[in-house]
Amino acid sequence: MENDKKRISGIVYVIASVIVVAAIVTAIVLWKNSGKPSPSSDETAVTVTSSPSKELTPTATATPTVTPTATPTATPTAEPTLTVTPTGTEEIIWDEAFWVTFVTDEDPEYRESVAKFPDVPLVIPNKISTRAWDSPYVFEGWYDVENPDVLYVPGSEYNENRDIELRERWKQVSEEERELVSITLSGNREDHVITDRYSVYEGEKFFLFLDKDLDIPGDFGDNIELIMETLENEIGFTFDVFGREERMYFGSSLFGGTDPWRAVDNGTKQAIYVIADRTDEHMISYASAGAAVFVMYELFSDELWNSVESYRENDWRRGDDVYYDTIAHELTHSLTNRYYEGITRIMTEGSAEYYAELAITALKDHSKDFQGRYSMVEALKNEWIDETITKDNAETFFADDYRDLSHANRGDEYTFGRVFCEFLGEKYGATFMKKYLEAAKERGLGSQYCSTNNNVEPEKHAALMKELFGDDVFVKFAEWLDGSYQK
Ligand SMILES: [Zn+2]
């Protein structure tokens with residue numbers, strides 16, 4: 001029961017958070033490309049390759065007159081150009097674009113402009129200044145130069161149809177607030193580190209950013225390392241599939257909107273946060289390419305647990321084992337997202353369930369925690385798919401992708417997806433996912449999670465499955481399923 005509840009509320013939240021993260025990434029990509037001479041065709045839908053000078057925008061009307069062919073008068077080298085979608089199917093009416101100009105606070109001469117199209121919200125990106133890790137300043141957001149009381153935080157939307165100049169606002173933080181401690185872990189499950197400050201642990205492939213008031217077993221770091229290695233072996237590529245990625249942005253509800261570990265540069269290593277839910281907000285774990293965030297009751301210190309009534313009086317919520325399957329699930333999201341984000345709900349959640357199961361099974365004899373979670377995962381395997389899958393409707397279910405949230409049985413994308421991935425793994429080997437991701441990326445397929453193409457187009461994914469695994473892949477799936485995992 002507990003598990004069901006956690007999962008259902010979790011699913012809704014994960015979807016919401018993934019969308020926000022994707023939106024942030026979209027804006028960042030737009031931004032990063034704004035200085036590049038020729039963006040690669042698979043990256044962004046619309047890219048401005050240089051900032052047009054202000055002189056090109058008439059002051060009398062709200063509509064900029066910049067056209068792709070116009071030559072700026074003030075900065076002759078900055079000829080605006082426009083890149084349309086990789087498919088070339090969208091025509092952008094350049095005359096209607098507005099300019100959102102971002103200015104650093106350290107160097108007001110340094111500015112980047114992003115085109116905003118009428119009635120299309122622009123997602124506010126992260127800062128562009130880079131400050132030393134021990135800088136006493138923390139980025140708060142962007143303020144409207146003409147109206148400094150208006151602050152836009154990264155991830156929020158700019159919806160107005162007018163040009164705007166936004167400038168970075170940084171806040172100075174105290175020594176105490178910045179205090180971090182680096183910890184070591186013994187490797188033995190019996191040893192524990194209680195975090196009384198924000199703490200950092202560096203692994204081979206990851207950085208662990210630990211909240212205060214956690215109780216971390218000595219083998220936690222080693223076990224994460226093992227999970228990451230196992231996932232890499234099974235999926236067929238590694239966590240360093242790309243370079244540095246933006247880390248998680250915490251919304252205003254967490255840590256006052258700042259990242260207490262911002263002082264630590266994780267470089268290309270995976271960022272893994274373990275967060276304490278101090279007021280029982282039912283926070284749940286989630287992940288993006290740049291980071292994975294875990295809320296694990298079983299890792300809360302006794303002091304934290306006993307200080308919250310709804311925890312203290314419901315000790316069953318704490319669990320006996322460390323939920324390493326949750327860690328494997330979210331890290332699968334990070335690993336596949338690092339390669340390509342444009343995959344369907346079914347393949348996103350199904351692959352995370354499937355590879356987590358493989359990892360837990362591979363590691364089941366490693367410790368009591370893995371053994372406990374393996375038993376749980378095996379028991380959950382018999383969860384039923386709500387509908388009856390037949391060879392006549394299997395493709396329709398896949399192509400529908402449970403996208404209608406109003407009637408879809410929430411959670412079925414996990415179950416259907418896991419079973420479908422199990423079928424693919426059995427028939428085509430566990431690296432089917434690599435094959436699928438490579439082909440989806442090559443074709444620029446979209447999904448709601450994707451920063452470069454967030455068109456929800458699961459039908460194209462269904463067609464791709466047939467192309468990769470045979471025209472009859474869905475028929476074969478239904479035959480393989482043969483009524484199992486169903487009511
Ligand atoms: Zn998931």
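This is a predicted model: local features need pLDDT of at least 70, side-chain atom pairs count only at pLDDT 80 or more; totals for chains, interfaces and linings use all residues.
Helix H6 (residues 324–339) lies across strand S15 (270–274), S16 and strand S17 (291–294), running at about 155 degrees to S17, where axes are lines fitted to C-alpha atoms, for helices over the stretch in contact, and angles run from 0 to 180 degrees between N-to-C directions. Residues are numbered from 1 along each chain as its sequence is written. Helices (H or I, at least four residues) and strands (E, at least two) are DSSP runs, numbered from the N terminus.

Six strands make up an open sheet of mixed pairing, in the order S10-S12-S13-S15-S17-S16, two strands being paired if DSSP finds at least two bridges between them. Its edges are strand S10 (181–182) and strand S16 (286–287), each of which pairs on one side only. Strand S12 (residues 199–202) and strand S13 (residues 206–210) run antiparallel and are joined by four bridges, with Tyr-201 standing opposite Leu-208 in S13.

Helix H7 (residues 345–362) packs with helix H10 (residues 412–428) at an angle of about 70 degrees, the axes being 7 Å apart. H7 is therefore roughly perpendicular to H10, a term that covers angles of 65 to 115 degrees. Residues in contact (C-beta atoms, placed from the backbone, within 7 Å) include Arg-345, Ile-346 and Tyr-354 of H7, and Phe-416, Phe-420 and Gly-425 of H10.

Definitions and conventions. Two residues are in contact if their C-beta atoms, placed from the backbone, lie within 7 Å. Angles under 35 degrees count as roughly parallel, over 145 as roughly antiparallel, 65 to 115 as roughly perpendicular and the rest as oblique.
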